[in-house]
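Visitor: I have a protein model open and would like to learn how to read it. Could you walk me through it feature by feature?

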Amino acid sequence: MAGEESAHRIPEALTEEQAGRMLAEMNEVIRAGEEMRKLRAEMIKLFAGLGWTQDRIARLAAMSQPAVSKHMAKYRTEEPPPPLELSLDQHDTPWLEGRLWALAEEISETLCDNARCTRYVEAIARGKKRFTPENVDELRRLVEEDLGLHRATMPTGYRDAYDSISRGLDVPPKATAATTASASVRRALAHRIQRDRLRGDA
């Protein structure tokens with residue numbers, strides 16, 4: 001029995017610190033999944049507010065219609081959200097963060113993942129980096145380095161986008177006007193719109 005018990009013990013080579021790191025990494029993945037599910041639910045609410053049908057939302061989200069219907073049932077008694085402005089020229093912090101995130105992804109792909117910002121972009125995608133002021137500052141620094149190092153090969157639209165984003169982040173944050181959309185929804189929308197704009201300008 002004693003031999004059996006010792007065979008099932010954690011090997012001495014695995015330290016408490018190592019175990020803690022392993023579990024922390026697992027928690028990050030789980031948390032990222034939960035956050036993405038919450039964001040998807042908020043986006044469904046947004047699309048429903050735009051008048052999109054359940055069939056259309058289900059098709060775009062690759063979900064069953066009953067699953068979409070269940071999400072939408074939660075919002076039927078609520079007031080429809082005010083219409084969202086989708087212009088890139090908005091100056092609240094989540095919107096600017098979404099634009100910066102999009103620019104960093106485009107730079108990473110343009111440089112075949114050899115950009116300074118690539119690891120940060122990957123960490124954001126996996127939910128390991130959040131949009132704290134410190135992380136946003138670090139991402140800005142990396143993006144600026146990439147733009148400087150590869151100025152000759154980078155589309156001019158990338159530098160213009162960065163200058164606009166940077167100016168916005170350097171002033172005190174402004175509240176979002178006439179919208180109930182969460183920071184994560186605004187960030188995701190700005191990210192998508194900025195990526196499409198950069199690809200169109202490239």
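Visitor: What percentage of the 202 residues in the protein chain do buried residues make up?

Guide: First, a word on the model. It is a predicted model, in which local features need pLDDT of at least 70 and side-chain atom pairs count only at pLDDT 80 or more, while totals for chains, interfaces and linings use all residues. Residues are numbered from 1 along each chain as its sequence is written, and side-chain values use heavy atoms, with hydrogens and water left out. Now the term: buried means under 20% relative accessible area, exposed means over 50%, and partly exposed lies in between (1.4 Å probe, protein chains only). By that rule, 34% of the 202 residues in the protein chain are buried.

Visitor: How many helices and strands are there in the protein chain?

Guide: Helices (H or I, at least four residues) and strands (E, at least two) are DSSP runs, numbered from the N terminus. The protein chain has nine helices and zero strands. Read from the N terminus, the order of elements is α-α-α-α-α-α-α-α-α.

Visitor: How many salt bridges does the structure hold?

Guide: A salt bridge is a side-chain nitrogen of Lys or Arg within 4 Å of a carboxyl oxygen of Asp or Glu. The structure holds 14 salt bridges. Some join residues within one helix, and the general idea there is that an α-helix has 3.6 residues a turn, so residues three or four places apart point the same way. In helix H7, Glu 138 and Arg 141 are three residues apart, about one helical turn, and their side chains meet in a salt bridge at 2.5 Å, N to O. Glu 138 is partly exposed at 26% relative accessibility, and Arg 141 is partly exposed at 38%. In helix H9, Arg 192 and Asp 196 lie four residues apart, about one turn of the helix; their closest N and O atoms are 3.0 Å apart in a salt bridge.

Visitor: Which distant parts of the chain does the pair of Glu 109 and Arg 199 link?

Guide: Here is that pair: Glu 109 forms a salt bridge with Arg 199, with the closest N and O atoms 3.6 Å apart. Glu 109 is in helix H5 (residues 93-110) and Arg 199 in helix H9 (residues 183-201), 90 residues apart. Glu 109 has a relative accessible area of 45% and is partly exposed, as is Arg 199 at 44%.

Visitor: What does the count of disulfides come to?

Guide: A disulfide is a covalent bond between the sulfur atoms of two cysteines. The rule used here is a pair of cysteine sulfur atoms within 2.5 Å, and by this rule the count comes to zero disulfides. As for cysteines, Cys 112 is exposed, at 59% relative accessible area, whereas Cys 117 is buried, at 0%.

Visitor: Where is Ala 62, and is this residue buried or exposed?

Guide: Most residues other than glycine have a negative phi. Ala 62 has a phi near 55 degrees, a positive value in a residue other than glycine. Ala 62 lies in the loop between helix H3 (54-61) and helix H4 (65-73), and is exposed at 72% relative accessibility.

Visitor: What about Leu 139: buried or exposed?

Guide: Leu 139 is in helix H7 (residues 133-149) and counts as buried at 2% relative accessibility. The C-alpha atoms of Leu 139 and Arg 116 are separated by 9.4 Å, though the two residues are 23 residues apart along the chain.
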